[in-house]
Amino acid sequence: MFWNPDAECKPIEDLRKAQYRSLKTLVMRLYEFNDFYHDKMKAAGVRPDDITCLKDISKLPFMTKSDLRDNYPTKMFSIPPKDVVRYHVSSGTTGKPTLVGYNRHDLDYWTESLARAMTSVGITSDDTVQVSYGYGLFTGGLGLHYGAERIGASVLPSSTGNTERQIELMMDLGVTVIACTPSYLIHMGDVAARMGIDFRRDTLLRKALLGAEPWTEGMRSQIENGLGINAYDIYGTSELAGPMFTECTERKGLHIWGDMAYIEVVDPETHEVLGPGQKGELVISMLNKETFPLVRYMIKDVTTIFDEECACGRTSPRIERISGRTDDMLIIRGINVFPSQVEHVLLKCPSVNGHYQIIVDRVNSLDVMTLQAEINPEAFSDKMEDVVAIKNRIESDMRKYLNVSVKVELKEYGSLPRFEGKSRRVTDRRKF
Ligand code: DLL
């Protein structure tokens, strides 16, 4: 199913031509009218005339989060303040927040991207969509809300928190789709079980749009098998607009709408542009945003571009699901480890669930990584040796797949933190 077949299935050559036209117009506009971009291009010795084909994008300088912070709040905006109709703010973990502005045109495109995303996973006007992402400064709630309304679905704007009430409303209103973080949906499943509610028996839920944090195929299986639904990945960042891109029902990577964004993947250290299939840091240029344009923005998310076309018929480029952020990568005794790799290995073990915490310490100058994981109630046995066997198996899997030693502590079911929004699973107590 397509929301906008002309845009989504445009022949690849036509799409590239359209991307070039949009890029050229954007660069000319920014050089003329935006001080930040003008100075940045000038410093890099590049003028709009130098952009003569799509590949010439590589002549343009990269942008980073610090550019956004240094120009806080609105110095990078490209329209008069009176034309801004919405702001969102990303809190971030360090430094100043990032402020994103939208005019009507920007909101319209963002909503269109979500209408396409929802349609591509089979959500229709017959669905009732519960939006359990936070509403407010975070982009998740309002973004999904407008997308669901655009396709004509009924929307339950429940935001985060008050989980028991959310579950009751889900049953009362016959909710068929939920949009939230994967960690919140796992938490919801736990709370429902405590209330004696079985998602399969007592609700009409059939799909989930999960994102805003990294999650793995292992987590997807746990959620799908536990709740009896299909779970799809949704991706975006506040700087781009918010959530925008999803998998289609083929589930072979995230479709990045080509008329809206041009993507590259670069080596995080050398910034060399990498080819399809090579893993690196995602760089996005937003081709038709008016208020807060982005050219070659280094997002820090790690992924790779797929080369072959998707069987669904969409021609937009696809990326592999995000495995983490370059700034989330842990270096344990010289070995690079992404938290999502730990999750991937952990969830191979059927006796644990999706609740875990990673703690890194430095003991006698050596890095020590501890993984706390909850053991499922049914895996608890009176025999201590069974629990020890589970722990040994996870430790040996971690050594085998990640090449690092991980100390595993198995915890009682329900004892580790739950999250309503984005999860916080890593505590790095090393002092650098
Ligand atoms: O998290 C926007 C969003 C809302 C996406 C709802 C999906 C659903 P920020 O708060 O700016 O925006 O955080 C963006 O979150 O750079 C990634 O590191 C991470 N992230 C978002 N979606 C995914 C995903 C929203 N599906 C940052 N998989 C991004 C992995 C994700 N990481």
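Colleague: Is the crossing in which H8 passes H10 left-handed or right-handed?

Modeller: First, this is a predicted model, where local features need pLDDT of at least 70, side-chain atom pairs count only at pLDDT 80 or more, and totals for chains, interfaces and linings use all residues. Residues are numbered from 1 along each chain as its sequence is written, and side-chain values use heavy atoms, with hydrogens and water left out. A crossing is left-handed if the near helix is turned anticlockwise from the far one by less than a right angle, and right-handed if clockwise. For H8 passing H10, that makes the crossing left-handed.

Colleague: Which residues of H8 and H10 make the contact?

Modeller: Contact here means heavy atoms within 4.5 Å. From H10 come Met219, Ile223 and Leu227. On the H8 side, the residues are Pro182, Leu185, Ile186 and Gly189.

Colleague: Are the rings of Tyr102 and Trp110 stacked or edge-to-face?

Modeller: Rings of Phe, Tyr and Trp (its six-membered ring) pair if their centres lie within 6.5 Å; planes under 30 degrees apart count as stacked, over 60 as edge-to-face and the rest as tilted. The centres of Tyr102 and Trp110 are 5.1 Å apart and their planes sit at 15°, so this pair is stacked.

Colleague: Does Trp110 count as buried or exposed?

Modeller: Buried means under 20% relative accessible area, exposed over 50%, partly exposed in between (1.4 Å probe, protein chains only). Trp110 has 2% relative accessibility, so it counts as buried.

Terms used. Helices (H or I, at least four residues) and strands (E, at least two) are DSSP runs, numbered from the N terminus.
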